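Try each task yourself before reading the solution.

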Amino acid sequence: MYTEEMLASMKKVEAARERNTDLEPRRMTAEEKETLLATYHPDYKQGEFAVLQVGPNKGEKVPTELAALLQGKSRVADLTVDLTHPAYDVDVLVIGGGGAGASAAIEAHNAGANVMVVTKLRMGDANTMMAEGGIQAADKPNDSPAQHFLDAYGGGHFAAKKELLYKLVTEAPEAILWLNELGVEFDKAPDGTMITTHGGGTSRKRMHAAKDYSGAEIMRTLRDEVLNLQIPVVDFTAAIELVLDDKGHAAGAVLQNMETGEILVAKAKTVIIATGGAGRLHYQGFPTSNHYGATADGLVLGYRAGAKLLYADTLQYHPTGAAYPQQIFGALVTEKVRSLGAKLINAEGEAFMHPLETRDVSAASIIRECGDRGKGVKTPEGVGVWLDTPMIERKNGAGTIEKRIPAMLRMFGKYGIDIRKEPILVYPTLHYQNGGLDIDTDGQSGVENLFVAGEAVGGIHDRNRLMGNSLLDIIVFGRNAGQHAAAKAKQVTVGRLSLDHVQAFAAACRQAGIESDVVSPKLLPNYARKAR
Amino acid sequence: MSEMVNVYLMGKQYQVPSDLTIMKAMEYAGYQLVRGCGCRNGFCGACATIYRIKGQQQLNACLACQTKVENDMYVATLPFFPLVKQVYDINKVSPTQQIMMQLYPEIYSCIGCNACTKSCTQGLNVMQYIAYAQRGDFEKCAEESFDCVMCGVCSARCPAGISHPQVALLARRINGKYLAPKSQHLADRVQEIRNGDFKELIEGLMNKPLDEIKELYNTREIEQ
């Protein structure tokens with residue numbers, strides 16, 4: 001399976017394996033990390049960002065591809081939408097069928113609201129489903145929410161919204177308990193103790209997991225619960241613009257059937273954006289570990305309605321995307337592989353860094369190793385470094401890989417690579433949208449009655465999220481948004497529905513000299529080869 | 001450039017590079033996918049696909065995102081399959097065999113043909129986990145079915161009309177909620193937080209000057 005050149009390099013990895021397994025590489029100092037990030041992390045590449053000309057974040061920079069969508073042409077621009085006869089009229093409209101949307105829907109329903117979920121693909125088609133490694137919570141005796149706070153705040157570079165992070169870490173154990181009570185399985189010792197590991201940048205072992213299907217296990221359970229509660233799910237239907245009322249408060253959305261193109265209107269007392277991330281925008285040409293629908297739709301909808309973005313210029317490049325074989329190029333290789341003891345090794349067989357630095361630092365370090373240092377291994381798609389998976393069983397015994405990371409064993413096994421015996425090649429892949437829409441502790445954005453949850457939120461993780469804090473975030477802030485949106489809905493009287501804000505935004509774009517033919521939200525990437 | 005192979009997508013012939021997955025081959029052929037495409041990484045089960053190699057009897061099933069094309073491959077995608085999902089209240093079910101008889105009685109009509117196992121896109125022993133479900137052995141059913149992505153191919157091949165993925169999901173939820181050992185340290189920590197035990201500690205940390213927080217972070221002890 002591997003090329004001659006790869007095999008030659010692999011020999012060096014094998015020769016050094018015994019020594020490298022026992023080695024505890026030095027962690028970088030704060031100064032070393034700063035310099036590394038500034039020099040090699042994609043977030044610091046000035047040419048890849050554009051300054052917004054219009055909207056609440058006018059004057060701030062965001063990735064070029066995102067700017068084009070935010071200031072793009074609305075999908076309703078050439079339509080006449082009849083807002084007077086909405087097809088749906090509910091208390092709470094949840095846009096997005098991932099972990100945050102499902103959690104929000106469940107809690108809004110349990111709070112007595114009439115709730116509906118709309119999703120452009122199927123319920124559960126989301127990054128949540130693909131999360132492998134685990135979910136953090138400080139529930140062991142040697143740990144505390146304060147320690148969790150310190151890890152996340154520092155790992156994110158000390159600029160997270162403290163009140164959001166406080167909520168995240170203090171409600172984490174409760175979130176795990178809630179999931180477990182819904183029937184989500186976790187890896188446990190026979191006495192019930194959670195089996196927990198480290199993630200990059202954690203100071204305590206607080207990563208809870210369900211093998212390496214952690215997100216899938218959570219998502220399929222939440223989806224099942226949504227169906228058990230008989231919450232209406234309108235699938236294959238995208239929200240293409242928010243609807244406001246004459247007070248400028250969120251009051252629903254314009255929907256479009258992804259297959260027939262039919263336009264429908266949903267009226268709601270409160271709206272929750274839970275649309276997820278942006279990996280499929282392929283910022284800076286990176287491959288992505290993300291779901292097919294990760295196109296930042298919610299950011300576009302919210303921004304046009306007047307909601308402010310926070311840290312939208314920061315993205316997470318997961319250090320270990322699959323670099324080879326090409327069929328799985330960019331696919332996630334869970335951090336848990338490193339948590340279990342595999343180290344990052346360069347083409348010369350050297351363990352060039354501590355395997356559990358934070359993700360931004362690890363990604364930048366791999367980019368440096370493959371770039372200026374010239375110690376990467378060439379692949380058909382580019383370059384990569386080794387992730388020495390056989391170390392895992394040297395350290396933890398035979399059978400560990402099959403038991404703890406079966407998805408990884410299967411993913412590479414399909415292409416003839418046995419990760420128990422051979423190392424794998426990895427390179428950073430676009431993984432997570434650190435920034436997003438700004439919210440308060442109730443989950444509400446700057447627009448009245450517009451709530452946001454999950455990856456579409458910015459400010460919880462600052463400029464770099466730690467492993468396992470995103471599965472946590474979708475549960476904590478998904479539930480939170482559902483509860484508050486339901487409570488708020490009880491007080492709301494919706495005024496006359498309007499799309500004036502869309503026109504006003506388009507007018508502001510024209511005034512700024514932007515006449516874009518980029519239609520947004522994007523909804524899906526276009527991978528069809530242009531053979532026509 | 002790799003060599004080209006013949007594939008028949010929904011019966012129509014296309015020439016595509018041999019190293020593509022079925023999903024990428026469809027896109028290479030010009031499809032803009034909406035149905036039958038999800039995580040593109042083998043976790044969501046959206047791209048269940050059946051195929052047959054020309055001249056061979058064997059009918060195969062796979063995930064389109066996880067399987068390379070082969071020459072003379074006839075491909076039909078199965079973007080939706082009507083699985084039966086029974087509605088129940090997880091707080092009211094009891095972890096006994098009774099619940100399976102009540103919600104999914106068709107599992108007892110299994111004729112043992114093993115078509116489910118042979119067709120599983122994840123290589124799971126599906127018939128075995130259904131056998132565990134029949135006996136009310138939810139723990140074993142949960143373990144055996146754990147890697148299921150609910151693509152529905154097993155169900156499509158089942159002469160008894162069983163919705164295997166839904167049966168397994170019920171078993172896993174029952175196992176997770178009722179049968180797996182309880183985590184005392186988790187319950188304790190939730191209670192401590194409700195009591196406000198950590199409030200002072202964490203607020204004390206949050207309210208420190210930035211330089212002090214940085215110092216604490218950079219010198220924190222890391223559990224081995």
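The exercises below go through a predicted model, starting with one chain and ending at a contact between two chains.

**Exercise 1. Describe the overall build of chain B: how many helices and strands does it have, and what is its radius of gyration?**

Start with the parts list: chain B has 10 helices and 5 strands. Next, look at its extent. The C-alpha atoms fill a box of roughly 70 × 55 × 30 Å along the principal axes. Now check that against a reference: the radius of gyration of chain B is 24 Å, while a compact globule of 224 residues would come in near 17 Å. Finally, look inside: 41% of the 224 residues in chain B are buried. Of the contacts in chain B between residues at least 6 apart in sequence, 59% link residues at least 24 apart.

**Exercise 2. Work out the sheet in chain B: what is the strand order, and which strands sit at the edges?**

A quick reminder first: strands of a sheet pair through backbone hydrogen bonds, either parallel or antiparallel. Here the 5 strands form an open sheet with the order 2-1-5-3-4 and mixed pairing. The edges are strand 2 (12-17) and strand 4 (60-63) of chain B, each of which pairs on one side only. On average, neighbouring strands of this sheet are turned by 35 degrees against each other, ignoring direction.

Strand 4 of chain B pairs with strand 3 (residues 48-53) in the antiparallel sense, over 4 bridges. In strand 4, Cys62(B) is the bridge partner of Thr49(B).

Helix 1 (residues 22-29) of chain B lies across strand 1 (4-9), strand 2, strand 3 and strand 5 (73-77) of chain B. Helix 1 runs at about 105 degrees to strand 2 of chain B.

**Exercise 3. Find what chain A brings to its contact with chain B: which helix supplies the largest share?**

Count the residues on each side: 68 from chain A and 61 from chain B. On the chain A side, helices supplying at least two residues each include helix 7 (145-155), helix 9 (172-182) and helix 10 (214-228). The largest share, 7 residues, comes from helix 9 of chain A. By class, the chain A side has 32 nonpolar, 17 polar and 19 charged residues.

Notes
Residues numbered from 1 in each chain as written. Chains lettered and ligands numbered in written order. Predicted model: local features only at pLDDT ≥ 70, side-chain atom pairs only at ≥ 80, totals over all residues. Rg over C-alpha atoms; globule rule 2.2 N^0.38 Å. Buried ≥ 20, exposed ≤ 12 C-beta atoms within 10 Å, placed from the backbone. Contact = placed C-beta atoms within 7 Å. Nonpolar A, V, L, I, M, F, W, Y, C, P; charged D, E, K, R; others polar. Pairing = 2+ DSSP bridges. Axes fitted to C-alpha atoms, helices over the stretch in contact; angles between N-to-C directions.
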